[in-house]
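My notes follow in the order I took them.

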Amino acid sequence: MCDHYCGVEVRMRKALALQAELGPVFDVTLDCEDGAPVGGEAEHAAMAAELAASADNRYGRVGARVHPVDHPSFADDVATLVGRAGERLAYLMVPKPAGLADVERAVAEIDHRCRAAGLGRALPVHVLVETHGALREVGAIAAHPRIESISFGLMDFVSAHRGAIPQSAMGVEGQFQHPLVVRAKLEIAAACHAQGKVPSHCVVTEFKRAAALQEAATRACREFGYTRMWSIHPAQIRPIVDAFTPSAAEVDQAIEILQAAQAAHWAPIRHDDTLHDRASYRYFWQVLERAHRTSYTGGAQLPQEIVQAWFA
């Protein structure tokens, strides 16, 4: 539920160390786009591949962002990362597609390199929507069978409007208020949920304002329907995970309802003067799934008997 981006080697290593400490409650994305110095793209991709393939990638939850599909380094990025670390990569992130055609082209290149490397699986592909064309075709992009997650690229999206959207819309408050930005966020989330894909919320750059970040992450989760969010500083990881983790009260309620439902053989039940049936049972099961996935942090811990009964 947290996707932590890092583009400099020392920060990449620190992120992997933090992941080893906290457990696989956040992914690490090694950035070969913005992280690579001009002229040093090949060396940067090789370094990222080495880290992804190393023992420091303890949980297999390390991905990489490559250059856009129309960049001269795109194919080389993919060849290096897949060829040297394909078995250990969790996903590849493709930025700045102009639309579905760019996504199809990127997926075709990734799959070609996977076949050449003899990978025995299809490598998940994530897409960063930050152009007008990609937003216009976001439903078709989400429907692509090789896409696992779609992220929103706030900064480039605002810049693509050539000054028509003010700079304040890139801030922690403005990005939840400007109508064009709100529209983009909602369309991405809706498209992902329609196809069973993961919508990933954009960055908050004010990393020293912990309360503001917490509020932004909570709004992204509770109001905008996102199930994942970007982090660009280690201090952002815990607040994001906390915001996306069900509360103890939500977990307790879900357990009570599902236990009663199971005892009733999944027929409708009454709980606290509220009727529940299989439609709401699915919701409460998803609450427990999220709590189980975030149990590494110590928050929203599930009782051991529940883990044994439903997750063992």
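I began with Arg228, which counts as buried at 7% relative accessibility. My cut-offs for burial are under 20% relative accessible area for buried, over 50% for exposed and partly exposed in between, with a 1.4 Å probe and protein chains only. The model is predicted, so I kept local features to pLDDT of at least 70 and side-chain atom pairs to pLDDT 80 or more, while totals for chains, interfaces and linings use all residues. Residues are numbered from 1 along each chain as its sequence is written, and side-chain values use heavy atoms, without hydrogens and water.

**Entry: charged pairs**

I looked up the partner of Arg228 and found Asp3, in a salt bridge with N to O at 3.4 Å. I take a salt bridge as a side-chain nitrogen of Lys or Arg within 4 Å of a carboxyl oxygen of Asp or Glu. Asp3 sits in strand E1 (residues 2-6) and Arg228 in strand E8 (residues 228-231), so the pair links distant parts of the chain, 225 residues apart. Helices (H or I, at least four residues) and strands (E, at least two) are DSSP runs, numbered from the N terminus. Asp3 is buried, at 1% relative accessibility.

Next I checked Asp56. Asp56 forms a salt bridge with Arg13, with 3.9 Å between the closest N and O atoms. Asp56 lies in the loop between H2 and strand E3 (62-65) and Arg13 in helix H1 (residues 9-22), so the pair ties together parts 43 residues apart in sequence. Asp56 is partly exposed at a relative accessible area of 40%. Arg13 is partly exposed too, at 38% relative accessibility.

Then I went to Arg222 and Glu250. Their closest N and O atoms are 2.7 Å apart in a salt bridge. Arg222 belongs to helix H9 (residues 210-222) and Glu250 to helix H11 (residues 248-263), so parts 28 residues apart in sequence are tied together. Arg222 is partly exposed, with a relative accessible area of 46%. Glu250 counts as buried at 18% relative accessibility. I also noted a network: salt bridges with shared partners join Asp31, Glu33, Asp34, Arg65, Lys96, Glu130 and Asp156. The structure holds 18 salt bridges.

**Entry: helix packing**

How do H2 and H3 pack? Helix H2 (residues 41-53) and helix H3 (residues 74-85) meet at an angle of about 25°, with axes 9 Å apart. That makes H2 roughly parallel to H3. Axes are lines fitted to C-alpha atoms, for helices over the stretch in contact, and angles run from 0 to 180 degrees between N-to-C directions. Angles under 35 degrees count as roughly parallel, over 145 as roughly antiparallel, 65 to 115 as roughly perpendicular and the rest as oblique.

I listed the contacts, meaning heavy atoms within 4.5 Å. On the H2 side they are Glu41, Ala45, Ala46, Ala48, Ala49, Ala52 and Ala53, and on the H3 side Asp77, Thr80, Leu81, Arg84 and Ala85. By class, this contact of H2 with H3 has 8 nonpolar, 1 polar and 3 charged residues. Ala, Val, Leu, Ile, Met, Phe, Trp, Tyr, Cys and Pro count as nonpolar, Asp, Glu, Lys and Arg as charged, and the others, Gly among them, as polar.

I moved on to H3 and helix H4 (residues 100-117). Their axes come within 9 Å and cross at roughly 35°. Phe74, Ala75, Val78, Ala79, Val82 and Gly83 in H3 meet Ala106, Glu109, Ile110, Arg113, Cys114 and Ala117 in H4. I count the classes here as 9 nonpolar, 1 polar and 2 charged.

**Entry: buried positions**

In helix H10 (residues 234-244) I found these buried residues: Gln236, Ile237, Pro239, Ile240, Val241, Ala243 and Phe244. Their cover includes E1, H1, H9, E8 and helix H12 (278-293).

Thr29 is in strand E2 (residues 27-31). Thr29 is buried, at a relative accessible area of 0%. Leaving out residues up to four places away in sequence, Thr29 touches Asp3, His4, Tyr5, Cys6, Gly63, Ala64, Arg65 and Tyr91.

**Entry: positive phi**

Arg162 is not a glycine, yet has a positive phi of about 55°. Arg162 is in the loop between helix H7 (154-159) and helix H8 (179-195). Arg162 counts as exposed at 80% relative accessibility.

Asp273, also other than glycine, has a positive phi near 60°. Asp273 lies in the loop between strand E9 (269-271) and strand E10 (274-276). At 62% relative accessibility, Asp273 is exposed.
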